Amino acid sequence: MSIKVGGAFRRSAGVVSAIGKQLKLVNLKAVQRITVSFDPFHESAVSTREFVHHLSAPKISQTNPTCVLKTEVFCDRRAPSVVFQLIPSVQAEAKLKKIELSSENLTTLELLKLCNKHVSALAPKEIATNVVKTKCTPPGTIMSHKKLKGGHMAIIENWYHQIPAFTDVFTEESFYMFAVCFVLATIAVVLVLSRFITLKPVD
């Protein structure tokens with residue numbers, strides 16, 4: 001007696017949304033070099049390769065443009081791993097040189113959570129104190145203020161993080177339903193307007 005195969009071979013909307021939220025938290029400012037090692041024929045290499053794909057995205061790379069991402073491909077069936085080499089200032093503060101994640105039997109979501117917990121949390125703070133002197137300030141009076149590093153770019157980045165991602169708004173099924181409804185509504189509006197609007201040739 002055979003058992004019928006059911007279900008879907010794709011990620012659920014909840015997992016996709018959770019991955020999107022974790023990606024917004026990834027910060028590589030504390031990392032100097034990332035080395036990803038895997039055997040493409042290993043049964044646990046899929047999640048590691050997806051993790052590398054996410055780390056190479058432009059949005060995440062911009063958190064630290066000087067960070068080097070290197071992949072090492074082997075053919076000896078070794079378990080995949082991810083090594084984060086920290087920058088010297090973070091090494092002295094955290095008292096460790098690198099963070100290694102053994103990605104065997106871990107999903108992409110779990111790798112992102114571990115990365116945010118152990119790596120993103122070590123990122124140096126962006127808030128700095130600047131001292132500004134103005135002409136109207138009496139001698140000996142100094143105005144100090146705190147502002148985000150990067151000025152307007154920090155504000156734009158903050159707004160960008162507040163905008164929901166596509167996967168937070170739509171699932172695959174809901175997007176198809178929205179597209180069909182949008183097309184049908186457009187056709188209905190065109191048919192209604194065609195009864196009231198008449199195009200006349202120019203004499």
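## Cysteines, sheet and surface of a predicted model

Cys75, with a relative accessible area of 63%, is exposed, where exposed means over 50%, buried under 20% and partly exposed in between (1.4 Å probe, protein chains only). The model is predicted, so that local features need pLDDT of at least 70 and side-chain atom pairs count only at pLDDT 80 or more, while totals for chains, interfaces and linings use all residues. Residues are numbered from 1 along each chain as its sequence is written, and side-chain values use heavy atoms, with hydrogens and water left out.

| Residue | Relative accessibility | Class |
|---|---|---|
| Cys75 | 63% | exposed |
| Cys181 | 48% | partly exposed |
| Leu184 | 53% | exposed |

With a disulfide taken as a pair of cysteine sulfur atoms within 2.5 Å, the count is zero.

Strand β3 (residues 81–86) has five of its six residues buried, so the rest of the structure largely encloses this strand; strands (E, at least two residues) and helices (H or I, at least four) are DSSP runs, numbered from the N terminus. Two strands pair if DSSP finds at least two bridges between them: β3 is antiparallel to strand β1 (residues 31–38) over six bridges, with Leu86 as the bridge partner of Val31, and antiparallel to strand β4 (residues 98–102) over five bridges, with Ser102 as the bridge partner of Ser81.

In helix α5 (residues 108–118), the buried residues are Thr108, Leu109, Leu111, Leu112, Cys115 and Asn116. Viewed down the axis of α5, they fall within an arc of 160°, and therefore line one face of the helix, the arc being that of the directions from the helix axis to the C-beta atoms.
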